[in-house]
Amino acid sequence: MSVLAIGLSHRTAPVALLERVSITGDALAKLLYDVQQDPCVAEAMVVSTCNRVEVYVTVDRFHAAVTAVSGLLGVHSGVPVEELTPHLYVHYEERAVEHLFSMVCGLDSMVLGEGQILGQVRQALKLAQRHGTVGATLNELVQQALRVGKRAHHETGIDKAGASLVSAGLALAGDLAGRRALVVGAGSMSSLAAATLARAGVTDIVVANRTYERGARLAESVGGRAVGFAAVADELAGADIVITCTGAGRHVITPDMLSRPAFLLDLALPHDIDPGVRAIPGVTLVDLETIQESGIGSRGGDAVESVRALVAEELRAYLDAERAAKVTPTVVALRSKAASVVESELGRLLMRVPDLDEKARDEVAMTVQRVVDKLLHEPTVRVKQLATCPGGDHYAEALRELFNLDPKMPEAVREVEL
């Protein structure tokens, strides 16, 4: 099975299209299930964020899988596949792994180096695990990717190279100290927004959320207060800064709800705020398109080069380990056959020399086993070393042919390991 990644992001599609393709909640779980049920797909995971939708699968047929996954993206998003196709990117095997590693490091984010992607990929893996759509290959790959992402954020300056989407958006708002803010939503992005506002000196923070208790917890964490979702219109009357990220799938703030100048930051896809508010005097609306066009946090200099070098290093190590792992079942099968030969020949010896005392039997057995181990040591060590080279699996095939190993045996060993 090989890893295949298919998706679209802010790099390949306009935000307006990403808004239409955005898949969340039950729809995301349904997409995950339907992808995994396709005959050419063994494992599946979907990463869906405000600026990307990517499907990771393990497949045995490339072209059939690309067609199937692309079609399902079209079906579940409601966007015709013919419209999606020009914006889709496809990464296969080594390129798919490299793309995932780069993405979790923040190199592929709208705002360079943002750390939110780590949590988003972690949640995508948890969802796939909960629905039973990932196995050993994707689980190990994504876990390794998350480790690479953590290492990049700890060992390089990529965090400082850019900023989070929240910070990037608020950078356009000017001085925040002493201003009154309304945060609509209480998810991870809203939590980041509230914390960012508090650090910037905003002392009056109101959190509005459908689930009051969740909103209250967030408000308490930043010294603010919570209100129910129905109070949004009333709270807008006194807010200088408004940040929304609800995942409601519809406009929760419309022009008729605004009666005073305000800075609005919409981080949701589909958008939470009706673009028509821009026509209101004194109202500034910043959304994902605005952030993308502003170029805030899009340059990283030395930090980017450091992360790229780290990704290249981790990619080599991952691919070497994968190639070596593919050879292991063949090595185990070879040693298993050698053990069977030793056991058979020792049995035959004891039948011919039944009076051999126990000490002598043990010495003979140990001698024969040492001979076999020494004969097999060099070829098995070398085949593992050679396996890390491109085309290294051919050496395993040669071992199976030379020693007439049962072609099903390596697969049986692999299944036991899994």
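## A residue to start with

Is E93 buried, partly exposed or exposed? With a relative accessibility of 40%, E93 counts as partly exposed, because that class runs between the 20% limit for buried and the 50% limit for exposed. Please keep in mind as you look around that this is a predicted model.

E93 is also worth a look for its backbone. Its phi is near 50 degrees, a positive value in a residue other than glycine. Most residues other than glycine have a negative phi. You will find E93 in the loop between β4 (89-92) and α5 (94-104).

## Helix α5 and what follows

Step past E93 and you come to α5, which spans residues 94-104. Here 8 of the 11 residues are buried, so the helix is largely enclosed by the rest of the structure. The buried positions in α5 are A96, V97, H99, L100, F101, S102, M103 and V104. Just after this helix, G106 takes a positive phi of about 90 degrees.

## The overall form

Zooming out, the protein chain has 17 helices and 10 strands. Its radius of gyration is 29 Å, well over the 22 Å that the globule rule gives for 418 residues, so the chain is more spread out than a compact globule. Along the principal axes, the C-alpha atoms fill a box of roughly 105 × 45 × 40 Å.

How much of the chain is buried? Buried residues make up 46% of the 418 residues. The accessible surface comes to about 20000 Å², and 53% of this area belongs to carbon and sulfur atoms. As for contacts with a separation of 6 or more, 65% of them are between residues 24 or more positions apart.

## One cavity

A search of the whole structure for cavities of 30 Å³ or more finds 1. The volume of the largest cavity is about 50 Å³. Its lining is made up of T49, C50, N51, R52, E114, Q116, I117, Q120, L165 and M189.

Which helix gives the largest share of this lining? That is α6 (residues 116-130), with 3 residues. Sorted by class, the lining holds 4 nonpolar, 4 polar and 2 charged residues.

M1 sits in the segment before β1 (2-9) and counts as exposed, at 58% relative accessibility. Leaving aside residues up to four places away in sequence, M1 touches A42, T58, V59 and D60.

T196 lies in helix α10 (residues 188-199). With a relative accessible area of 10%, T196 is buried, whereas M1 is exposed.

## A cis peptide bond

One last stop is the bond between L269 and P270, a cis peptide with omega about -5 degrees. Most peptide bonds are trans. P270 belongs to the loop between β9 (262-266) and β10 (283-286).

Terms used. Residues are numbered from 1 along each chain as its sequence is written. This is a predicted model: local features need pLDDT of at least 70, side-chain atom pairs count only at pLDDT 80 or more; totals for chains, interfaces and linings use all residues. Side-chain values use heavy atoms; hydrogens and water are left out. On a 1 Å grid over the protein atoms alone, a cavity is a set of points where a 1.4 Å probe fits but cannot get out, and a pocket is an open set with protein on both sides within 12 Å along at least five of seven lines; lining residues have an atom within 4 Å of a point. Grid points are joined across faces, edges and corners, and a volume is the space filled by probe spheres set on the points. Helices (H or I, at least four residues) and strands (E, at least two) are DSSP runs, numbered from the N terminus. Ala, Val, Leu, Ile, Met, Phe, Trp, Tyr, Cys and Pro count as nonpolar, Asp, Glu, Lys and Arg as charged, and the others, Gly among them, as polar. The radius of gyration is taken over C-alpha atoms; the globule rule is 2.2 Å times the number of residues to the power 0.38. Buried means under 20% relative accessible area, exposed over 50%, partly exposed in between (1.4 Å probe, protein chains only). Contact means heavy atoms within 4.5 Å. Accessible areas come from the Shrake-Rupley method with a 1.4 Å probe; for residues, only the protein chains shown count as cover.
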